[in-house]
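Open the model in your viewer and keep the selection tool handy.

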Amino acid sequence: MDISSLLGLALGIIAFVYGVFSSAGNSMSGLAAMVNIPSLVVTVVGSIGSMFISNPKEKAFKFVSFIIMALKEQKIDMLSTLRTLYTFAEKARRDGMISLEEDIGKIDDEFMRDGLRAAVDGTDPEEIRKILEIKMELYEDDQGGNIAVMESWGSYGPAFGMIGTLIGLILLLGQLNDPTAIGPYMAVALITTLYGALIANILATPVADKLKKRTAKMISMKRMTTEGILSIVQGENPRLMEEKLKVFLSAQDRAIYEKGKGEAQA
């Protein structure tokens, strides 16, 4: 599981519950006052309905899985990818491209596996680049669809919170002659706005941001893989290829890579 996502979700819930309890004098009545079924239906069901309308069904119906996806740790190991490409570059330079054929089946990364298989089959480097770039574009489009679902939910949540607020205010105006009804209707009017804000700021928007950052990092790793495979095909010196691929690493990963390389040489 992704500890940062779990911790963030937990902190958001704790902050909300603490705010309710501290304002209500540590009483359970304060938390109970935050639960209003009609407001939940208006805000949650309404925003999900609009999200369904604005996105294709094959994406919209999977919105729960996108939340689960954000809570899970995704393996994006740039260091391991660079080390693997460097090892393949040395082997190809020493024994020829055909020597990599026995290693292709052991590669877990489908993108790297397909690229190396095309390279071993003697595909022209420019064709390999086109194939891999198309795969990257398709991956980015697919992930973009997932992100769009959560972003749309994040925008519709507060909108339906406002709709619920308007409903509550209309009902309130109809009961101005009854002072006992003003408080409950005002609570309904405000709590729907609260639900919309919670949907946007604890669930939908953070999940969309997490998926967006992961997609960007995955694309960066795929670009590094593409450049590495093309360097291998073109017979570049493995050390030159290594220096070229290190630019894809963050400063922290670069330091870890150099440290590991130094220890290996020692």
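A crossing counts as right-handed if the near helix is turned clockwise from the far one by less than a right angle, and as left-handed if it is turned anticlockwise. Keep in mind as you look around that this is a predicted model.

**Stop one: two helices**

Select helix 10 (residues 179–233) and helix 11 (residues 238–245). Helix 10 passes helix 11 in a right-handed crossing. Their axes lie 10 Å apart, at an angle of about 165 degrees. Angles over 145 degrees count as roughly antiparallel, and helix 10 and helix 11 are therefore roughly antiparallel to each other.

Now show the side chains at the contact. From helix 10, pick Met224, Glu227, Gly228, Ser231 and Ile232; they meet Met241, Lys244 and Leu245 in helix 11. The residues of this contact divide into four nonpolar, two polar and two charged.

**Stop two: aromatic rings**

Next, select Phe52, Phe61, Phe63 and Trp153, which ring pairs link into a cluster. Across the whole structure, a search finds three aromatic pairs.

Begin with Phe52 and Phe61: the ring centres are 5.1 Å apart and the planes stand at 75 degrees, so this pair is edge-to-face. Phe52 is partly exposed, with a relative accessible area of 31%, while Phe61 is exposed, at 57%.

Then move to Phe52 and Phe63. Their centres are 6.1 Å apart and their planes at 65 degrees, so this pair is edge-to-face. Phe52 sits in helix 3 (residues 37–54) and Phe63 in helix 5 (residues 63–71), so the pair ties together parts that are eleven residues apart in sequence. Buried or exposed, what is Phe63? Phe63 is buried, with a relative accessible area of 12%.

How values were computed:
Residues are numbered from 1 along each chain as its sequence is written. This is a predicted model: local features need pLDDT of at least 70, side-chain atom pairs count only at pLDDT 80 or more; totals for chains, interfaces and linings use all residues. Side-chain values use heavy atoms; hydrogens and water are left out. Axes are lines fitted to C-alpha atoms, for helices over the stretch in contact, and angles run from 0 to 180 degrees between N-to-C directions. Helices (H or I, at least four residues) and strands (E, at least two) are DSSP runs, numbered from the N terminus. Angles under 35 degrees count as roughly parallel, over 145 as roughly antiparallel, 65 to 115 as roughly perpendicular and the rest as oblique. Contact means heavy atoms within 4.5 Å. Ala, Val, Leu, Ile, Met, Phe, Trp, Tyr, Cys and Pro count as nonpolar, Asp, Glu, Lys and Arg as charged, and the others, Gly among them, as polar. Rings of Phe, Tyr and Trp (its six-membered ring) pair if their centres lie within 6.5 Å; planes under 30 degrees apart count as stacked, over 60 as edge-to-face and the rest as tilted. Buried means under 20% relative accessible area, exposed over 50%, partly exposed in between (1.4 Å probe, protein chains only).
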